[in-house]
Amino acid sequence: MDLFAGTAWHYARYRPGHPHVFLKDLVERLRLDGAGRLLDLGCGTGQLTIPLAAHVAEAVGIDPDPGMLAEAEQQAREESIANIIWRRGTAENLANYVGHFKLVTMGRSFHWMDREQVLTALDDVVDVDGSIVIASDGCLVRPTTP
């Protein structure tokens, strides 16, 4: 996907992050206690992966854009976060990522995916007591949101 080529540096610095209160609520509601694994699909520059990594044993960020992944890795390194694995790929190819996850997140990325295919594939990787969180600025069932 060349659509975002060359934008990673700008994404990391100027794209609004997810509100602290939202992240805190996720950690509390989902009882993220430093155990379990996180899978962030369409992770971009790590705007969900990086702040949630402190609350899981291991995080995996997946994105099709190598520039986004390089920037995410740099951001994590600057914050001394070492429990994240960055992988180039797409959400539609989950068979390439072995293991199970307590939490799967998609932050402002689900609309780029084959939704039915991704949600079906997640059946095989989300723990029985795990969660899927789709963090978006709009409504998923309407084409536009006021």
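**Loops, sheet and core**

Colleague: Arg31 sits in the loop between α2 and β1. Is Arg31 buried or exposed?

Modeller: This is a predicted model: local features need pLDDT of at least 70, side-chain atom pairs count only at pLDDT 80 or more, and totals for chains, interfaces and linings use all residues. Residues are numbered from 1 along each chain as its sequence is written, and side-chain values use heavy atoms, without hydrogens and water. Buried means under 20% relative accessible area, exposed over 50%, and partly exposed in between (1.4 Å probe, protein chains only). With a relative accessible area of 64%, Arg31 is therefore exposed.

Colleague: Which value is phi of Ser80 near?

Modeller: Ser80 lies in the loop between α4 and β3. Helices (H or I, at least four residues) and strands (E, at least two) are DSSP runs, numbered from the N terminus. Ser80 is exposed, because its relative accessible area is 67%. Its phi is positive in a residue other than glycine, near 55°.

Colleague: In which order do the five strands form the open sheet?

Modeller: Two strands pair if DSSP finds at least two bridges between them. Here the pairing is parallel. The edge strands, β3 and β5, each pair on one side only. The order is β3-β2-β1-β4-β5.

Colleague: Which residue in β3 stands opposite Gly61?

Modeller: Strand β2 (residues 58-63) pairs with β3 in the parallel sense, over five bridges. Opposite Gly61 stands Trp86.

Colleague: What angle does the direction of α4 make with that of β3?

Modeller: Axes are lines fitted to C-alpha atoms, for helices over the stretch in contact; angles run from 0 to 180 degrees between N-to-C directions. α4 packs on the sheet and touches β2 and β3. Its direction and that of β3 make about 170°.

Colleague: Why does Asp40 count as buried?

Modeller: Asp40 belongs to strand β1 (residues 37-41). Contact means heavy atoms within 4.5 Å. Beyond its neighbours within four places in sequence, Asp40 contacts residues including Leu48, Val60 and Thr105. Asp40 counts as buried because its relative accessible area is 2%.

Colleague: How many residues are in the largest nonpolar core, and how many in the second, separate one?

Modeller: A nonpolar core is a set of buried Ala, Val, Leu, Ile, Met, Phe, Trp, Tyr and Cys residues joined through side-chain atoms within 4.5 Å. In the largest, the residues touching the most other members include Leu38, Ile84 and Trp86. α4 (66-78) and β3 (84-88) are among the elements that each supply at least two of its residues. The largest core has 20 residues, and the second, which includes Phe101, has 11.
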